[in-house]
Amino acid sequence: MIDFDRLEIIASELIRTFEIDDPPVPIEIMLQRPKADMWEDVDMTNMSVGFLKTGGHYSPRMSLVRMLARHTIQCEWGEKRGLPDIVKQGKNDEVVKIFARMLVMPIEMIKTLSEGARTPVTMSMHFEVPEEEAQLRLGEVMGKL
């Protein structure tokens, strides 16, 4: 069974490590300016267009946050927090997608939204994510808000 609570705690810790207080989470900057024990900086100019899925508004951003999630899982910082073991508890790609949603829509930032703003449309605009991803994240945090 996947330890989603632990995954949520680690996602929040990463956001705090980068001193991010407000959305949208600056995924590109995080990739380009890693902290100690993290990945090598990522040169965004080397990204292929095929990597950045273009399925609608904000889809490329989700591709980047999944890359950030994978880098976090595989780096020393993530290993120290047990991320590889958590990922192994489920289907690797599915856990990466869940962790990516936690990073781009941190629970602390969702909690600051009014109940009326906790909709896929509003969260899509607020966090700069596709509505489908916002819908999935809302389902994941139900009961924790």
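**Figure 1. The aromatic pair of the predicted model.** A search of the whole structure, which is a predicted model, finds one aromatic pair. Its members are Phe18 and Trp39, whose rings are stacked, with 6.4 Å from centre to centre and 20° between the planes. The pair links distant parts of the chain, its two residues being 21 residues apart. Phe18 belongs to the loop between α1 (4–17) and α2 (27–32), and Trp39 to the loop between α2 and α3. Phe18 and Trp39 are both buried.

Figure 2. Most residues other than glycine have a negative phi, and most peptide bonds are trans. Glu19 is not a glycine, yet has a positive phi of about 55°. This residue, Glu19, is exposed, and its relative accessible area is 67%. The peptide bond that runs from Pro23 to Pro24 is cis, and its omega is near 0°.

**Figure 3. Asp37 in the loop between α2 and α3.** Asp37 has a positive phi of about 65°, although this residue is not a glycine. The relative accessibility of Asp37 is 33%, so the residue counts as partly exposed. The loop between α2 and α3 contains Asp37 and also Trp39, the partner of Phe18 in the aromatic pair.

**Figure 4. The crossing of helices α3 and α6.** Helix α3 covers residues 59–74 and helix α6 covers residues 92–104. Their axes come within 8 Å and cross at roughly 105°. Angles of 65 to 115 degrees count as roughly perpendicular, so α3 is roughly perpendicular to α6. On the α3 side, the contact is formed by Arg61, Met62, Val65, Arg66, Leu68, Ala69, Arg70, Thr72 and Ile73. On the α6 side, these meet Asp93, Val96, Lys97, Phe99, Ala100, Arg101, Leu103 and Val104. The residues of the contact of α3 with α6 comprise ten nonpolar, one polar and six charged.

**Figure 5. Arg81 and the ring of Trp77.** The view shows a charged side chain and an aromatic ring. The charged end of Arg81 sits over the ring of Trp77 and lies 3.9 Å from the centre of that ring.

Definitions and conventions. Residues numbered from 1 in each chain as written. Predicted model: local features only at pLDDT ≥ 70, side-chain atom pairs only at ≥ 80, totals over all residues. Heavy atoms only, no water. Axes fitted to C-alpha atoms, helices over the stretch in contact; angles between N-to-C directions. Helix = DSSP H or I, 4+ residues; strand = E, 2+ residues; numbered from the N terminus. Parallel < 35°, antiparallel > 145°, perpendicular 65-115°, else oblique. Contact = heavy atoms within 4.5 Å. Nonpolar A, V, L, I, M, F, W, Y, C, P; charged D, E, K, R; others polar. Phe/Tyr/Trp six-rings, centres within 6.5 Å; stacked < 30°, edge-to-face > 60°. Buried < 20%, exposed > 50% of the residue type's maximum accessible area, 1.4 Å probe, protein only. Lys NZ or Arg CZ within 6 Å of the ring centre and 35° of its normal.
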